[in-house]
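Please open the structure in your viewer and keep the selection panel at hand. The stops below say what to select next and what is there.

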Amino acid sequence: MHERPSWDDYFGGIAKAVAARGDCHRSKVGAVLVGADRRIRSTGYNGSPPGQPSCLAGGCPRCNSDQPSGSGYEDCIETHAEANALLYASWEDCQGSTIHITRAACKDCTKLIRAAGVRRVVWPEGEVVYW
């Protein structure tokens with residue numbers, strides 16, 4: 001008998017599919033912003049700004065260096081998946097929403113998520129509820 005995935009597994013799978021569009025050599029990350037009604041409001045993946053050189057095309061100084069994982073972000077040209085998902089959503093879409101991401105948010109994205117009014121953040125290893 002086929003069991004339906006939980007909503008978290010369902011949206012997590014969509015975030016994983018969205019991550020495939022990422023254009024970073026080091027990591028592909030996806031995000032799906034979901035309203036309280038369980039409708040997708042926006043998606044985002046880590047990528048270069050439109051019209052700019054991409055990481056995959058060799059345009060990122062960080063990926064072209066030997067910076068260790070978790071460092072050198074000041075040289076990265078990518079916009080993070082969470083930020084892209086928030087940029088393409090309206091303020092109303094963010095209020096009380098849940099964002100599903102393929103890995104834990106960095107410090108800067110965590111600040112953006114909280115400031116946007118997102119209530120819950122879910123990633124494969126955990127979740128956090130802000131209010």
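**The second largest pocket**

By class, the lining of the second largest pocket comprises five nonpolar, six polar and one charged residues, where Ala, Val, Leu, Ile, Met, Phe, Trp, Tyr, Cys and Pro count as nonpolar, Asp, Glu, Lys and Arg as charged, and the others, Gly among them, as polar. Before going further, note that this is a predicted model, in which local features need pLDDT of at least 70 and side-chain atom pairs count only at pLDDT 80 or more, while totals for chains, interfaces and linings use all residues. Residues are numbered from 1 along each chain as its sequence is written, and side-chain values use heavy atoms, with hydrogens and water left out.

To display this pocket, select Asp23, Thr43, Gly44, Tyr45, Gly47, Ser48, Pro49, Pro50, Thr79, Asn84, Leu87 and Tyr88, which line it. A pocket here is an open set of points, on a 1 Å grid over the protein atoms alone, where a 1.4 Å probe fits, with protein on both sides within 12 Å along at least five of seven lines, and lining residues have an atom within 4 Å of a point. Its volume is about 200 Å³, a volume being the space filled by probe spheres set on the points, which are joined across faces, edges and corners. Both β2 (40–45) and α2 (81–87) supply at least two residues of this lining, and the largest share, three residues, comes from β2; helices (H or I, at least four residues) and strands (E, at least two) are DSSP runs, numbered from the N terminus.

**The largest pocket**

Next, select Ser27, Val29, Tyr73, His80 and Arg103, which lie nearest the centre of the largest pocket among its 18 lining residues. This pocket has a volume of about 310 Å³, and its lining has eight nonpolar, five polar and five charged residues.

**Cys55 and Ile77**

Cys55 is buried, with a relative accessible area of 1%, whereas Ile77 counts as partly exposed at 25% (buried means under 20% relative accessible area, exposed over 50%, partly exposed in between, with a 1.4 Å probe and protein chains only). Not counting residues up to four places away in sequence, Cys55 touches Asp23, Cys24, His25, Ser48, Cys60, Cys63, Ile77 and Glu78, contact meaning heavy atoms within 4.5 Å.

**The cysteines**

How many disulfides does a search of the whole structure find? The search finds zero, a disulfide being a pair of cysteine sulfur atoms within 2.5 Å. For Cys76, the nearest cysteine sulfur is that of Cys60, 4.4 Å away; for Cys109, that of Cys106 is the nearest, at 3.7 Å. Cys109 is buried, with a relative accessible area of 3%.

**The largest nonpolar core**

Now select Ala31, Leu33, Leu86, Cys94, Ile99, Ile113 and Val118, which touch the most other members of the 14-residue largest nonpolar core, a set of buried Ala, Val, Leu, Ile, Met, Phe, Trp, Tyr and Cys residues joined through side-chain atoms within 4.5 Å. The elements giving two or more residues to this core are β1 (30–34), α2, β3 (98–101) and α4 (107–116), and α2 gives the most, with three residues.

**Arg38**

Finish at Arg38, in the loop between β1 and β2, where phi is near 65°, a positive value in a residue other than glycine.
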